[in-house]
Amino acid sequence: MSSSLLLQQLTHCFSVNPQITSHSYGCAPSRPTYFTSISNSQRSFQPSKALVETPSFPLFQPPQIDDSPPEMGLVDPDFYKIGYLRSFRAYGVEFKEGPDGFGVFASKDVEPLRRARIVMEIPLELMLTISKKLPWMFFPDIIPVGHPIFDIINSTNPEKDWDLRLACLLLYAFDREDNFWQLYGDFLPSADECTSLLLATEEDLLELQDQNLASTMREQQRRALEFWEKNWHSAVPLKIKRLASDPERFIWAVGMAQSRCINFQMRVGALVQDANMLVPYADMLNHSFQPNCFFHWRFRDRMLEVLINAGQEIRKGEEMTVNYMSGLQNDMLMQRYGFSSPVNPWDAIQFSGNARIHLDSFLSIFNIAGLPEEYYHNSELANDGDSFVDGAVIAAARTLPTWSDGDMPPIPSMERKAVKELQEECRQILAEFPTSSKQDQQVLDSMPDARRTLEAAIKYRLHRKFFIEKVIDSLDIYQERLLF
């Protein structure tokens with residue numbers, strides 16, 4: 001009787017999702033242990049007649065083998081054959097090392113679909129996560145009770161030291177025997193390969209030609225160094241000292257935490273928490289302002305999914321990208337990630353004059369549509385000459401001093417005067433730089449083996465000048481096309 005009751009209870013318990021199979025959700029093909037234990041207990045008794053007449057539950061049937069080929073092939077790069085292949089899955093992608101480090105690329109053509117398509121599944125067990133707020137919650141919970149690294153983490157400022165906490169957790173994972181990150185750490189950029197300005201020299205910071213950004217990075221370097229000196233002094237236990245025996249090791253870990261962290265709200269059972277996460281393999285996806293992929297937390301089995309946008313067409317060899325953080329200007333991208341872009345649609349110019357152009361006219365000239373926070377180039381209405389439009393022109397639409405009044409048509413002569421004044425102010429900004437964009441490009445071409453931080457600093461100032469030059473050119477086109 002007790003055995004029959006147990007079987008009925010288990011049948012009721014697992015009947016919520018009877019169609020779930022390991023194939024359909026990308027789980028490990030091996031059968032969980034509770035499947036086997038139920039089968040053994042079934043052999044030890046004869047079920048009652050009522051149970052025999054009940055339709056057989058799929059849990060006790062042989063698994064149905066789906067011989068149909070998957071929609072996208074399972075990728076199998078050598079570098080993640082490190083004992084965790086069962087836990088991580090990727091479909092139709094390959095990992096390649098390029099001039100900017102590892103990237104993720106399509107291994108086959110992807111036709112557009114009406115729904116998003118999964119290309120990666122990373123389980124929570126492979127990540128390093130720490131909650132953003134007290135009490136600190138880690139997953140996986142690899143720090144034993146009483147370990148001094150927890151005291152170091154607990155001494156951080158809860159409001160602003162998220163990167164220091166994550167760096168401590170990363171260093172501890174490197175030191176833990178048989179931990180996944182001991183192996184995955186081989187695929188993280190070394191200090192020489194890292195573009196984080198935390199590792200920049202004073203010479204590199206001067207090459208930014210941006211005093212505010214250089215001052216901010218000096219403060220960030222000082223903050224990380226003081227934290228290391230406070231917690232890695234000569235009297236600390238060996239188990240702590242070996243995590244970061246020198247300040248460069250700790251500052252590198254902070255750079256990894258800042259540049260590879262994903263801020264996500266995850267749900268584990270009934271617990272929902274905001275967390276800072278280091279996600280292996282997903283951290284190899286590079287940034288784009290027009291990404292073709294995005295992240296999604298799958299709470300039912302604690303997976304972070306990387307999905308291709310619905311309706312997105314991707315060709316073989318094309319890079320898979322995500323948008324790291326929308327709305328960041330180049331100085332913030334440099335501060336956090338160590339890169340910049342000449343076509344950042346969120347970059348800005350600080351104008352000080354009184355000249356203003358007509359906003360609606362400027363938008364119509366370049367077929368820019370949408371609200372200020374969602375501007376985009378309407379390519380369907382564009383002519384061949386409108387291929388000039390890129391993120392820099394959209395950024396100009398956001399930051400140029402403008403006026404808009406549908407009831408009062410602008411006077412063409414006043415509009416052209418305003419355009420020329422804005423262009424002149426842009427030229428004055430360019431003249432304040434010690435070097436021109438051509439000189440910067442020549443410097444880059446003459447230093448193929450420059451330090452990564454120095455190269456990033458020169459590119460930052462070059463991209464800033466490209467952006468201002470693009471605004472000048474767009475104002476030229478604007479006044480040429482004034483029709484009123």
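Author: Start with the contact between helix 16 and helix 17. From helix 16 come S437, D440, Q441, V443 and L444. They meet E455, I458, K459, R461, L462, K465, F466 and E469 in helix 17. Sorted by class, the residues of this contact are five nonpolar, two polar and six charged. This is a predicted model, so every residue named here is a prediction.

Now the geometry. Two packed helices are described by the angle between their axes and the distance between the axes. Helix 16 covers residues 437-446, and helix 17 covers residues 452-480. Their axes come within 9 Å. They cross at roughly 150°. An angle over 145 degrees counts as roughly antiparallel. Helix 16 and helix 17 are therefore roughly antiparallel to each other. The crossing of helix 16 past helix 17 is left-handed.

Next, helix 11. This helix, residues 247-260, packs with helix 9, residues 211-231. It also has a contact with helix 6. Take the helix 6 contact now. The axes of helix 6 and helix 11 come within 8 Å and cross at roughly 110°. The two helices are therefore roughly perpendicular to each other. Their crossing is right-handed. Helix 6 brings W162, D163, L164, L166, A167, C168, L170, L171 and F174. Helix 11 answers with R249, F250, W252, A253, V254, M256, A257 and Q258. By class, the contact has 14 nonpolar residues, one polar and two charged.

Then the helix 9 side. Helix 9 and helix 11 pack at an angle of about 125°, with their axes 10 Å apart. That makes helix 9 oblique to helix 11. Helix 9 passes helix 11 in a right-handed crossing. Q220, R223, A224, L225, F227 and W228 lie on the helix 9 side. On the helix 11 side are P247, F250, I251 and Q258. Seven residues of this contact are nonpolar, two are polar and one is charged. Look at F250 and Q258 in helix 11. Both meet helix 9, and both meet helix 6.

Two loops deserve a look at the backbone. Most residues other than glycine have a negative phi, and most peptide bonds are trans. D178 has a positive phi of about 65°, although it is not a glycine. D178 sits in the loop between helix 6 (162-175) and helix 7 (180-184). The peptide bond from L134 to P135 is cis, with omega near -5°. P135 belongs to the loop between strand 5 (128-131) and strand 6 (138-139).

The structure holds one cavity of 30 Å³ or more. The largest cavity contains about 40 Å³ of space. Its lining is formed by V110, E111, P112, L113, R115, R117, I308, N309 and Q312. By class, that lining has four nonpolar, two polar and three charged residues.

Definitions and conventions
Residues numbered from 1 in each chain as written. Predicted model: local features only at pLDDT ≥ 70, side-chain atom pairs only at ≥ 80, totals over all residues. Heavy atoms only, no water. Axes fitted to C-alpha atoms, helices over the stretch in contact; angles between N-to-C directions. Helix = DSSP H or I, 4+ residues; strand = E, 2+ residues; numbered from the N terminus. Parallel < 35°, antiparallel > 145°, perpendicular 65-115°, else oblique. Left-handed = near helix turned anticlockwise from the far one by under 90°. Contact = heavy atoms within 4.5 Å. Nonpolar A, V, L, I, M, F, W, Y, C, P; charged D, E, K, R; others polar. 1 Å grid on protein atoms, 1.4 Å probe; cavity = no way out; pocket = protein on both sides within 12 Å on 5 of 7 lines; lining within 4 Å. Points joined across faces, edges and corners; volume = space filled by probe spheres on them.
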